[in-house]
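Please open the model in your viewer and display the side chains.

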Amino acid sequence: MLSGCFYANTSQTPIATTYPYSEQQRMQAAQHWEVLARHEAAGILASERVRFRDLHILAPEHAQYGSYYSGGEFERGFRTLLTSELVSRGGSVTTQPRANGATVQIDVEVVQHRDRGYTRPPFGAYTALATGIAVASFPIRHWSEPGLALIPAGIFADSVGGSWTPTSNEEIIVTTQIVEQDQILYSSSNIYYINAGDRRQYAPHRVPQAPRTPTISITDTW
């Protein structure tokens, strides 16, 4: 009856709800970049539209708003790792663009959430906490040394601690595209959490330009 009354009422704004439980990985090692490169290489070579093309991977450098920008450590490392994975799997990768080839473009978008609400802890965290407390209370009641109560809880924490990682306000969207002229032949995007201190590894930074040397024209005409 209560639920029926609840939905019978109206509201001026939509009621907030949650998404189904999902998981998202965190990037915090160069080996994780290699895992992504391996995944992308497999996807590229599985695509019939680009499998037998000559591929040229663009350098992570670009111009934006009149300034010159260079990719972070991730773009440079991922480009090298993707090249290695493609070549080792039999792909054709060229150092220069070719007439009948295609271009591989890598884009990294850094997302910073500034006002997140409540975030649910890892799945099973409350159950594990309650289990640890219950297990720890057993030796206190039966063992003579209270310090021994920490042993069962410590063993349990060691067994599951490696699969838990906190959420982050920093995320990245890594998009790999293969383009021929103005047509996109392949596109793949992946989203990861990153550590706040690693933001510079993924965000492009401005490259200072050397000052231009002034030129003076000389003529013998009066």
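Which side chain meets that of Arg38 in a salt bridge? Select Arg38 together with Glu34: their side chains form this salt bridge, with an N to O distance of 3.8 Å. Please keep in mind that the model is predicted. Side chains of opposite charge can pair when their charged atoms come close.

Now display helix H2, which covers residues 30–46 and holds both Arg38 and Glu34. The two residues are 4 positions apart, about one turn of the helix. Arg38 has a relative accessible area of 32%, and Glu34 has one of 28%. Arg38 is therefore partly exposed, and Glu34 is likewise partly exposed.

Next, select Glu85 and Arg89. These residues form a salt bridge in which the closest N and O atoms are 3.5 Å apart. Is Glu85 buried or exposed? Glu85 is buried, because its relative accessible area of 12% is under the 20% cut-off. Arg89, at 41% relative accessibility, counts as partly exposed.

Then select Arg199 and Glu170, whose side chains meet in a salt bridge with an N to O distance of 3.0 Å. This pair links distant parts of the chain, since its members are 29 residues apart. Display helix H6 (residues 199–202) to find Arg199, and strand S7 (residues 170–180) to find Glu170. Glu170 counts as buried at 6% relative accessibility, whereas Arg199 counts as partly exposed at 30%.

To conclude, return to the whole model: the structure holds 5 salt bridges, including the one between Arg199 and Glu170.

Key
Residues numbered from 1 in each chain as written. Predicted model: local features only at pLDDT ≥ 70, side-chain atom pairs only at ≥ 80, totals over all residues. Heavy atoms only, no water. Salt bridge = Lys/Arg side-chain N within 4 Å of Asp/Glu carboxyl O. Buried < 20%, exposed > 50% of the residue type's maximum accessible area, 1.4 Å probe, protein only.
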